[in-house]
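Grab a pencil and have a look at the model below. Try each exercise yourself before you read its solution.

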Amino acid sequence: MYDQEVVLAMEQRPKHTEAILSSFSDDEEMRELIEYFVSELGTKVRDMSQAWEQANADQIRVFAHQLKGSASGYGFDSIGSAAGRLESALNAISSPDELSGIESQFRELLDLCQRASLGFQRESDQ
Amino acid sequence: MTDLQTPIEDSKPLVVLVDDSVVIHRLLTTRLRSESIELVCFESGEKALEFAQDHSPALFLLDIEMPGMDGYTMLRRIKDEPSLREVPIIMLSGLSSADDKVVAFDLGANDFITKPFEIAELRARIRAALRLHSLLQMLSQRAQVDGLTGLWNRAHFDEHWRSETSRISRHGGELSLALLDLDNFKSINDTYGHPAGDEVLAALAKLMGKTIRRSDLACRYGGEEFAIIMPETGPTEASAVCERIREGLEAMRWPRHPEREVTVSIGIAGSAGNAAIDPGKWIVQADKQLYAAKHGGRNRLSVINLDETHGPRLADAG
């Protein structure tokens, strides 16, 4: 149990430290929206981690589906694509037991989301 | 000028978005600001339907995968609702298979945009759907309006009479019906030609339009026959309105035939709320009054107060 927690904690740190910025960052109209989206992302990442621990495939599917549909609109195409890949992977499995098989898609998405919030913090530091 | 419910809406078209994701609401609210629309967002289909039934949306944007009422069910419900049936619908969904699109289009959707969408494309498709809505409105108006006089046509009269009589049978209230028939109209056509006849019809329609009140409905009922539905109006008040029309027409001078005046006979059947009479028989009573006016010498009114002749007590006695 302890070992698993450590592994999880290490996994949750972003793999890269490159921040992701919205492609609409320079758009005046979008500033407030991007801020809103990124803060929502923070909440989603926490909820998704929990859902993963609980092997709640349905909840993860909902997250993936919604992110796939909305992230590009906020200028985060990479997040949208990764969410799409996670959703497809989820659709291919038939029981929560198979979740471990799609862990890399899951981690990829989480990683991108965390890098987006990093990106936003750096932006607002300027 | 009479309130013929001007076909072109001056206010911004109302667009109703139904999507369980608030993230989409916020994105579209900001991104569609540049469009001349009023966007209202709902997370649930039930609430959106309730709202739509009391307002006149110009367009629906529907997500498909939603908890509770999904997009397809919402689509069916919209098409089942007479007041919403003609409103264009754009599906906005993360589902992108051809099957999903076929289902949506066959259920009546006008367009299908997959998420994630390009905002410029969404804007363009919204504009296209709103153009469609405008055309549909004009068509529906045209189908209900008489080409020559600009008054509502007989079909619209029938519909409106049904709803007015239905309303007072539920809620009570005053209602009067006037039938107007031009005197010796055939001889105007025969003597001065059809263009002269058309001019007379158009002039009477214009006079009616100027004389009636906002709540009244003036219709072309037949070739040379007109009708006015007057809600919240008893027989006395209805007579006053019609007398102004009769007088106005009699006083008119006609450049094409200055030696020939034009007059109208009018039959009125009204109730202050106590009449027990079915809609069809009501029209018959107005028609009888019209006949009486013609046979009484033309260029006059004849009125019946239905409360006196068809009051509930009499109905019970029958």
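This is a predicted model: local features need pLDDT of at least 70, side-chain atom pairs count only at pLDDT 80 or more; totals for chains, interfaces and linings use all residues.

**Exercise 1.** Work out which elements chain A has, and where its confidence is lowest and highest.

*Solution.* Start by going through the elements: chain A has five helices and zero strands. Read from the N terminus on, that gives α-α-α-α-α. Next, check the confidence. The average pLDDT of chain A is 84, and 81% of its residues score at least 70. Helix α1 (residues 2-12) of chain A comes out lowest, with a mean of 59, while helix α4 (residues 77-92) of chain A is highest at 93. Keep in mind that coordinates with low pLDDT should not be read in detail.

**Exercise 2.** Find the strand order of the five-stranded open sheet in chain B, and explain why β7 and β10 of chain B each have one side without a neighbour.

*Solution.* Line up the strands: the order is β7-β8-β6-β9-β10 (chain B), with mixed pairing. Now look at the edges. β7 (217-220) and β10 (301-305) of chain B sit there with a single partner strand each, so one side of each has no neighbour in the sheet. Then zoom in on one pair: β6 (residues 175-182) and β9 (residues 264-271) of chain B pair in the antiparallel sense over eight bridges. For instance, Asp181(B) has Ser265(B) in β9(B) as its bridge partner.

**Exercise 3.** Describe the side of chain B that touches chain A.

*Solution.* Count first: 11 residues of chain B are in contact with 15 residues of chain A. Helix α1 (residues 22-31) of chain B gives the most to this side, with five residues. Finally, sort by class: this side of chain B has five nonpolar, three polar and three charged residues.

Conventions:
Residues are numbered from 1 along each chain as its sequence is written. Chains are lettered from A and ligands numbered from 1 in the order in which they are written. Two residues are in contact if their C-beta atoms, placed from the backbone, lie within 7 Å. Helices (H or I, at least four residues) and strands (E, at least two) are DSSP runs, numbered from the N terminus. Ala, Val, Leu, Ile, Met, Phe, Trp, Tyr, Cys and Pro count as nonpolar, Asp, Glu, Lys and Arg as charged, and the others, Gly among them, as polar. pLDDT is the predictor's confidence in each residue, from 0 to 100. Two strands pair if DSSP finds at least two bridges between them.
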